[in-house]
Amino acid sequence: MDALILQLLNGLDKGGAYALIALGLTLVFGTLGVVNFAHGAIFMIGAFCAVTLRKILTISTQVRDESITLFEAYKEVPILEAKYPVVGSIIVDYSVPLAIIAAIPVMLALGLLMERGLIRHFYKRPHADQILVTFGLAIICQEIIRHYFGANPIPQAAPAIVAGSANIGAFLGLGDNVVYPWWRLIYLLFSFIVIAGVFAFLQFTTFGMVVRAGMQDREMVGLLGIDIQRRFTIVFGLASVVAGLAGVMYTPILPPDYHMGMDFLVLSFVVVVVGGMGSLGGAVLAGFLLGILQSFASMNEIKSIVPGIDQIIIYLVAVVVLLVRPRGLMGRKGVMED
Amino acid sequence: MTKSSATSDWVLFIAFAAAVLTMPIWLAPFGANYPDLMQKFAIFGVFAIGFNILFGLTGYLSFGHAAFLGVGSYTAVWSFKLLTMNVLPAVLFSIVVAGLFAFLIGFISLRRSGIYFSILTLAFAQMSYNLAYSVLTPITNGETGLQLSLSDARVLDAMAGISTGRSLPSTSLFGVKMSGLPGFYFCAVVLIIGFFIALRITRSPFGTMLRGIKSNQTRMSYTGLNTRPYLIWAFVISGMYAGLAGSLLAVTDPLAGAERMQWTASGEVVLMTILGGAGTLLGPVLGAALIKYFENIFSAFNQGTLNQIFDALPDGLQNIVVEVVSLFVGDGWHLTLGLLFMITVIFLPGGIMEGMRRIGGLFTRKKPQPTSSSTTAVVDPS
């Protein structure tokens with residue numbers, strides 16, 4: 001029982017990341033009709049926003065080490081901490097949450113730039129061309145990151161106050177065995193909030209209403225005198241912010257490296273296909289579902305029955321879903337059928 | 001009409017065969033005439049030709065062809081380990097196994113088209129890659145990669161009384177060692193055969209059918225034709241080519257690793273095909289050779305050689321230039337690859353063959369397309 005709850009939480013965590021990426025993918029599919037293979041790279045760049053911010057905050061200087069009195073010893077201390085001992089160390093400690101604030105404008109700018117500079121010219125081209133050009137872009141992003149940050153994962157620490165684990169067992173009355181890292185819980189909450197935010201934005205604002213209308217019938221909305229193109233560009237920016245934030249928040253869970261984007265992208269595509277192309281709800285549902293399935297499949301009890309099932313469960317589910325329900329769980333008729 | 005095109009096909013084929021076989025001579029000025037590199041040209045040429053049968057003819061973009069390459073390599077190495085060091089059984093087994101594997105994946109993936117198909121094949125390739133690294137370690141030897149060892153059975157060799165003694169045996173074709181130039185000639189002959197088969201397929205009714213699927217699949221089905229068997233066959237054939245290429249990789253260097261199945265490898269063959277020109281016969285081979293050539297040149301550079309090259313520049317400028325250029329060479333070769341990828345797709349979707357056709361058009365006729373500039377014609381009446 002304890003193990004089940006832990007795996008459920010693990011799955012929800014993973015599913016949160018899949019859902020956030022898949023949500024962005026679906027938004028871009030639904031609005032622009034573009035298959036964006038560079039979306040994983042955006043997730044990865046988001047993660048590296050956190051890495052960069054931490055690097056900037058911890059630019060170090062040499063300070064006399066007072067604890068050694070025999071000779072003059074120096075130690076490296078971040079400038080911030082040396083200058084403002086209390087505030088500085090708090091800021092460094094909270095670098096990941098702070099990175100969220102820093103990442104929003106960066107990712108928005110990146111998304112808008114990408115749409116204006118590249119994606120826009122590919123609306124009329126075949127899907128194969130769209131896939132290829134964004135694939136090339138993904139390689140470029142990945143290699144630039146690798147050049148500047150190296151090939152090894154760079155661990156990021158969560159703030160000290162949430163570095164420990166929460167005793168969920170005691171909270172739920174299941175005994176003290178069920179403990180779970182605070183940060184993962186926060187991540188879960190965060191992904192729920194972002195998903196709810198995106199849905200609320202689309203459902204309850206005029207902008208969102210226009211975008212939804214545009215997804216239904218782009219031409220009609222255009223005829224009504226609305227510059228749907230501009231809105232869609234902003235939606236692309238929004239999708240990249242969502243993916244970027246998912247990346248930032250995921251850094252304490254998985255040390256970011258340059259190819260994390262592609263690893264997540266492949267799975268997120270599967271998630272989108274399972275959920276149903278063009279269906280936002282489907283993407284979120286399938287994201288959490290597949291995340292949970294994956295983490296249950298990686299339990300030792302199950303792995304001992306079917307070895308290696310944890311590696312392929314997602315793909316197996318995708319195959320079954322495509323054979324039984326070709327449109328995915330919540331796909332609508334006529335959306336991206338070709 | 002048909003007769004003349006058949007003749008021109010033979011001319012094309014013979015010219016191609018001659019060009020491939022004389023590679024050691026005419027590649028010398030480029031500094032690319034050493035066997036290792038030429039083997040790569042031929043092997044990836046085979047890979048790209050096969051990929052082109054699927055992508056170029058039917059328009060189905062597979063992102064998982066590296067999986068078949070990997071399967072071919074593993075099969076070939078197992079054949080070396082268990083049966084014999086002779087390359088022929090290895091090549092045959094690889095083709096068969098890769099074909100079966102392709103049938104399995106194609107049968108499922110081809111239920112969808114367009115993006116779905118690309119994603120499904122990508123997912124299957126990633127799945128194979130993951131499996132090769134984890135559960136299938138007894139077969140694939142995981143991260144170390146599958147290698148020959150002294151304790152291998154080699155049943156047929158043992159029966160024939162060939163003993164290898166204390167050193168690791170090398171691959172051979174009835175006694176001719178498959179390394180260096182003989183290895184290249186073996187790959188070259190395979191490439192030529194592969195090219196011939198691709199040529200026949202393209203010109204056959206089957207090939208026409210595939211092109212019909214590319215231009216309008218719905219219309220094809222409206223004529224009462226079931227397109228699925230054709231697609232599956234195209235997929236299987238191109239998977240067999242990939243398996244063949246994988247086995248050739250193992251023939252020239254008998255080890256196989258899972259990294260061959262990674263999505264970057266799948267992306268590479270896509271790039272080779274579109275860089276050369278998807279749907280053309282020569283294009284994929286050309287693209288494969290170009291990419292392998294540039295890879296070879298670009299990855300050889302390092303900071304030191306760059307500093308030497310740009311030594312003439314003033315110091316400050318030299319540092320900047322070296323810093324910028326080093327992004328693209330050595331380890332950063334993949335960046336160049338990505339850039340090449342984007343440039344090709346954006347500016348020259350038809351690839352090099354399309355570019356050459358355009359250049360050719362400039363010389364043969366003055367105005368190949370009247371749509372290009374009607375305004376200049378008014379300004380310049382000459």
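Okay, one definition to start: I'm calling two residues "in contact" if their C-beta atoms, placed from the backbone, lie within 7 Å. With that in hand, take the contacts in chain B between residues at least 6 apart in sequence: 78% of those join residues at least 24 apart. And a reminder that what you're looking at is a predicted model.

Let's stay with chain B. Its secondary structure comes to 19 helices and 4 strands. The radius of gyration is 23 Å, close to the 21 Å that the globule rule gives for 382 residues, so chain B is as compact as a globular protein of that length. Along the principal axes, the C-alpha atoms fill a box of roughly 80 × 70 × 40 Å. Buried residues account for 43% of the 382 in this chain.

Where they touch, domain 1 of chain B puts in 7 residues and domain 2 of chain B puts in 10. On the domain 1 side of that contact you've got 4 nonpolar residues, 3 polar and no charged.

Next, the partner chain. Which helix of chain B gives the most to the side that touches chain A? Well, the whole contact takes 36 residues from chain B and 31 from chain A. On the chain B side, α6 (114-133), α13 (263-276) and α17 (333-347) each supply at least two residues. The one that gives the most is α6(B), with 12 residues. By class, that side of chain B has 23 nonpolar, 11 polar and 2 charged residues.

Note on methods:
Residues numbered from 1 in each chain as written. Chains lettered and ligands numbered in written order. Predicted model: local features only at pLDDT ≥ 70, side-chain atom pairs only at ≥ 80, totals over all residues. Nonpolar A, V, L, I, M, F, W, Y, C, P; charged D, E, K, R; others polar. Rg over C-alpha atoms; globule rule 2.2 N^0.38 Å. Buried ≥ 20, exposed ≤ 12 C-beta atoms within 10 Å, placed from the backbone.
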